Every structure is written in C-alpha cells, then in structure tokens.
Amino acid sequence: DKMIILDLAVDYNQNFWHNSKNWDEFDSFYGKQWVYSVIPNMGGKTAPTGVMEHYANGRLEALNSPKRGHLVGYGMAPEGLENNEILYELITDGGWTADSIDLAAWLGQYCKCRYGQGCATAQQFWNEARQSIYSRFTDHPRFNWQLRPGLCRQGTVGCDSIFLNAVKKLQDSAENMKGNKLFETDLAEMTVMYAGAYAEKLTQLIEDLMIE
C-alpha cells in the first residue's frame, strides 16, 4: 500500500511503440497509486521532435479512462534540458487544467509570453513547425552525417520542406526582433537544424559521386 507506480513514458507507448496503455493493460495498475508521465527527451536528444498535440491533450485519455484507477500525479521525466522548451511549457501548462488545450490559441499566447511582444511571423513559424517537425515522434533523431559513413543515407531528423520554409520566414523577422534574447536563441537553434538538413543533402550528393 506504500507503492506509487510511475508510468514513465506514455508518449513512447502512444507514438513510438504504438502499444496499449499501461493503465488498461495492467487493470488500473491493480489498485496502486500511479503517476502519468511523459519523457520527451529520452537520452538527451536535441533535435526538435514529438507530437505536440499529444503533449497538449494526451493526458485527457488517462483522466477520462474508466481504468484510471488511483491516478494521483502528472508530470514528465526529462533526460536533458535547455532544448525543446516549447514542449516543456506545453506539458506543464497541461497540469493546470482538465480541459482540452486549443493549440492554435496556446501558441499565440506562448509567443507573447516568450518574446514579450506579439510577433506574427514567430507564431506562424510555430504553427508550421507543429504541422511538420512537431507532428512526429522520433527516438534519438540524427542526421545522416552524425552516423557512420555509408550506414544511413537518410537521417531521422524531420526537417521537411514545411519546416525549412518556416525557418526562412523566421529569419526574415530577425531585424525586427533584434535584441530579443529568447527570439535570437530560438532562431539560432532552428537555423542549426536548417543547416544540418542541408548538410545531409550535401552528404547524399557526396555519396552519389563516390558511387559514380
């Protein structure tokens, strides 16, 4: 009766392993108290990844489940910090409400709180990132050039065309947001991803030339 179970990685169950929920599989944890948890940064991964919608509202599936049993806590177990801050803000906000979070509205408020002013381009960037790089869940994402040469042609960092075009728009706002430290931090971090994606393309071209 003194046991508390930590359901460590609900996000992995949902978006990576695609298996059943532990509170269903183990029959409400057999009456034990338990804590709902996500682990968005397992292994200290630094590339943006994670299904933003799940971090906003995945907890509602547990709250509304007839098998939630003795659910007594909510939280996260990050294995690294100082990256993907937007996910941590979203997860912690979820702990204060039993209602669904409207992500479009939430992202607008996030931009105001983070940058201290309205920035339509930044809000547009985060909305487009939500549709691209933050719409998928990758375990330990890597560019191909971070792996042994010849081992992997296509990396697993989800820098698709939507994300790359969104970063360009964010760069266009740099002059207007000059001196805004958090904006400059986000811009630098996303530009690193942008450069990494093009380095991956160059690596692929090098490989093609070596084959020829």
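Good morning. I begin with Asn144, which counts as buried because its relative accessibility is 5%; buried means under 20% relative accessible area, with a 1.4 Å probe and protein chains only. This is a predicted model, in which local features need pLDDT of at least 70 and side-chain atom pairs count only at pLDDT 80 or more, while totals for chains, interfaces and linings use all residues. Residues are numbered from 1 along each chain as its sequence is written, and side-chain values use heavy atoms, without hydrogens and water.

Asn144 lies in the loop between H7 and H8; helices here are DSSP runs of H or I with at least four residues, numbered from the N terminus. Beyond its neighbours within four places in sequence, Asn144 contacts Cys152, Arg153, Gln154, Gly155, Glu200, Thr203 and Gln204, contact meaning heavy atoms within 4.5 Å.

I turn to the helix pair. H6 (residues 103–115) and H7 (residues 120–131) pack with axes 9 Å apart, at an angle of about 135°; axes are lines fitted to C-alpha atoms over the stretch in contact, and angles run from 0 to 180 degrees between N-to-C directions. From H6, the residues meeting H7 include Leu107 and Tyr110, and Trp126 is among their partners.

Finally, the largest nonpolar core has 49 residues, such a core being buried Ala, Val, Leu, Ile, Met, Phe, Trp, Tyr and Cys residues joined through side-chain atoms within 4.5 Å. Trp126 and Phe125 are among its members with the most contacts inside it.

Key: Helix = DSSP H or I, 4+ residues; strand = E, 2+ residues; numbered from the N terminus. Buried < 20%, exposed > 50% of the residue type's maximum accessible area, 1.4 Å probe, protein only.
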